[in-house]
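Colleague: I would like a close look at one part of this model, the ligand and what surrounds it. Please take it step by step.

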Amino acid sequence: MSTLLSQDAKALLDGLAEATLIVSADGTVLGLNRAAQQRLGSDLPGRSLLDRLAGDGQDALRFIQRCFGSSAPLVGALIVSDARGSERLKCRGNRIALSDGPAVLLRMLETDEDRFGALSRKVHELHTEITQRKHAEAVLQESLRERELLLRELQHRVKNNMQMLAGMLLGAAREATSNEAHLALRDAANRFSAVSAVQQLLYGSGRLDTIGSEALVNSLIASLAGMTRAPLETAKHVDPVDLPIEPATPIALVLNELLVNAVKYGVPAQGNQQIAVEFRHDAGHITMIVHDNGPGFTGPDAQRRASGLGLVRALLRQLGGRLDIENQGGARCMARFALPTPRAGESQ
Ligand SMILES: Nc1ncnc2c1ncn2[C@@H]1O[C@H](COP(=O)(O)OP(=O)(O)OP(=O)(O)O)[C@@H](O)[C@H]1O
Ligand SMILES: [Mg+2]
């Protein structure tokens, strides 16, 4: 510290954080602390403070003298001038008694700029960070959109390819010379359509990971129309469920087998053929029932492994479920299984 002062006055200046000077009544600087040196320069002790002030300094001198006459702090302002320009410093001054005699203690008040400078710097930093994050987020969003578009495109192609293959199988069925080959190819085309229905619904659903139970059931029922020329009455009850894509295909295949059997074998001796379909969701379990008004199961054929119902049982085993068949005014097939929950992190 630059000072002409005794130890007690130096200690007083050292103890103050704000820029502080001790001046005599005529404005001669007796000492100043480090903060004041940074503002006013360290060569001041022994010089007149007025030399550092703008104008002739008479206002400042009057203020210093008023302070000299007051033991209570008075508020005023000093306009400091240097090569960089002038700066108005608010300050508080009062008389103090030093061992060397009375003098004026001048304490600079913090300006708003000092007080809020750090805060506004922080705000500026945060603003910069937010801008950078927004930019990074926009880049991520863009690449996500791009990936979704690619996935949609892929689904579109798969859907088209499956439709083309189903068409080829149906064409081959039509051209088959033996009845056996015709039926085998027709069944294959039909199963293929059930799988491709899932793909079509997925493509048309606006979602990438689930398909709706109602759309799936409707699509499978609609595809029965081409199987028989006789009038077919269908009734349905479907609980709306978003089916995750993975189990959706086996679910479609199971329901399709049961529906196809109902159309093929559930033909009543008289009256219209009726098929009732239920798709129920209860506490994470799905129950699918296909009930027709035909003759019901009559022989041991329903237990054959290499057949539609064999496939149904195998698929239901994969889903952790089972098939129950009974006769109740016709064949009634009930498939029940737990709906797998989507894997963590899997979403649209
Ligand atoms: N709804 C039904 N009503 C009466 N009998 C049925 C019904 N569903 C199936 N069956 C009987 O059960 C047998 C086995 O059916 P399953 O679906 O396993 O084989 P499939 O229909 O004969 O052949 P695939 O399904 O392989 O074309 C049928 O042949 C039929 O006799
Ligand atoms: Mg069958």
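Which backbone N or O atom lies 3.0 Å from an oxygen atom of ligand 1?

Modeller: The model is a predicted one, and what follows should be read as such. The backbone atom you ask about belongs to Gly 308, with an N or O atom 3.0 Å from an oxygen of ligand 1. The protein buries 86% of the 590 Å² that ligand 1 exposes when taken alone.

In Asp 187, a side-chain N or O atom is 3.0 Å from an oxygen atom of ligand 1. In Asp 292, a side-chain N or O atom is 2.9 Å from a nitrogen atom of ligand 1.

Asp 292 is also among the residues that come nearest to the ligand, along with Asn 261, Tyr 265, Ser 307 and Leu 309. These five belong to a set of 17 residues around ligand 1. By type, the shell divides into 7 charged, 6 nonpolar and 4 polar residues.

As for where the shell comes from, three helices each supply at least two of its residues: H5 (179-204), H7 (245-265) and H8 (308-318). Helix H7 gives the most, with 5 residues. The space that ligand 1 takes up is the largest pocket.

Methods:
Residues numbered from 1 in each chain as written. Chains lettered and ligands numbered in written order. Predicted model: local features only at pLDDT ≥ 70, side-chain atom pairs only at ≥ 80, totals over all residues. Heavy atoms only, no water. Near = heavy atom within 4 Å. Polar contact = N/O pair within 3.5 Å; in protein donor to acceptor, adjacent residues only side chain to side chain. Areas by Shrake-Rupley, 256 points an atom, 1.4 Å probe, with all protein chains shown as cover. 1 Å grid on protein atoms, 1.4 Å probe; cavity = no way out; pocket = protein on both sides within 12 Å on 5 of 7 lines; lining within 4 Å. Sits in = over half its atoms within 2 Å of the grid points. Helix = DSSP H or I, 4+ residues; strand = E, 2+ residues; numbered from the N terminus. Nonpolar A, V, L, I, M, F, W, Y, C, P; charged D, E, K, R; others polar.
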